[in-house]
Amino acid sequence: MNKRVIGALGTVLIGATLIAGIGIYVAGAKTDPNFLEPTKLGILQTPQGNFDHYSLDLSVYPDSIWNKRAVHSDWVSYGPATNFKLPPHVAVTVTIKQYDSGEKITNDFFAKVRGTLDGSMEVNGEKVTEINPEAVGHTFTARGLANGSNKNFFLNVPLPAVSDDQMSTKEGEYINPQVVTFTFITPDSGEYVWNCEFPCGDGTTARFGAAMSTLGYMSGHIVIDGSAKA
């Protein structure tokens, strides 16, 4: 997928609150009933203490052909869902298979890992704290709502691009992903939002339109709910 970056992002403000990209577009995600719930793994021992341990498995695709609910099959998308329901104060290990190509990200801030359990992630089994900002495929960037009690929660995981010579399919399915794994501790109960901070949509303003400003593709909700705890 050719993702030419047109225009530039505005200034990113980093402080008690951080608003970037299209976070405001995902405020209505709660209207989508399609939630992905985690799998219980057991107990995870960490330097911060012992936590109930869960997992989530996601993928990022160059299109939405796999998604029967998608209106725009040619739009880039996360799957199998973009809304997640998780318990509060647990460890969640997320594995993302990233199948898409990429380019230089418009703000190097989002090429660094932020908010994970130890400030790192694994890319194809190798622990890293950042990726090459010249070859970013997408990001998984989560934050608290600006008017909520958990507005300081922030998580950013950059996903490296698949090189053009590795972009291939077999029997209609994408192969050769970049496999990214990270663990984070869920915050207090409440509603949180996430989106991709790589400009991979359409539009004349930094390519944050189309898939990036439409729920169910590159943005969604994280609902932290005590009743979700098994």
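Author: Lys112 is partly exposed, since its relative accessibility is 32% (buried means under 20% relative accessible area, exposed over 50%, partly exposed in between, with a 1.4 Å probe and protein chains only). Before going on: this is a predicted model, where local features need pLDDT of at least 70, side-chain atom pairs count only at pLDDT 80 or more, and totals for chains, interfaces and linings use all residues. Residues are numbered from 1 along each chain as its sequence is written, and side-chain values use heavy atoms, leaving out hydrogens and water.

Now, the partner of Lys112 is Glu130: their side chains meet in a salt bridge at 3.1 Å, N to O (that is, a side-chain nitrogen of Lys or Arg within 4 Å of a carboxyl oxygen of Asp or Glu). Glu130 sits in the loop between S8 and S9, and Lys112 in the loop between S6 and S7, so the pair ties together parts 18 residues apart in sequence. S here stands for a strand (a DSSP run of E, at least two residues, numbered from the N terminus). Glu130 is partly exposed too, at 42%.

Next, meet Lys104, which forms a salt bridge with Glu134, their closest N and O atoms being 3.6 Å apart. Lys104 is in the loop between S6 (91–98) and S7 (121–123), while Glu134 is in the loop between S8 (126–128) and S9 (136–144), so this pair links parts 30 residues apart in sequence. Lys104 also forms a salt bridge with Asp108, again with 3.6 Å between the closest N and O atoms.

Notes. Helices (H or I, at least four residues) and strands (E, at least two) are DSSP runs, numbered from the N terminus.
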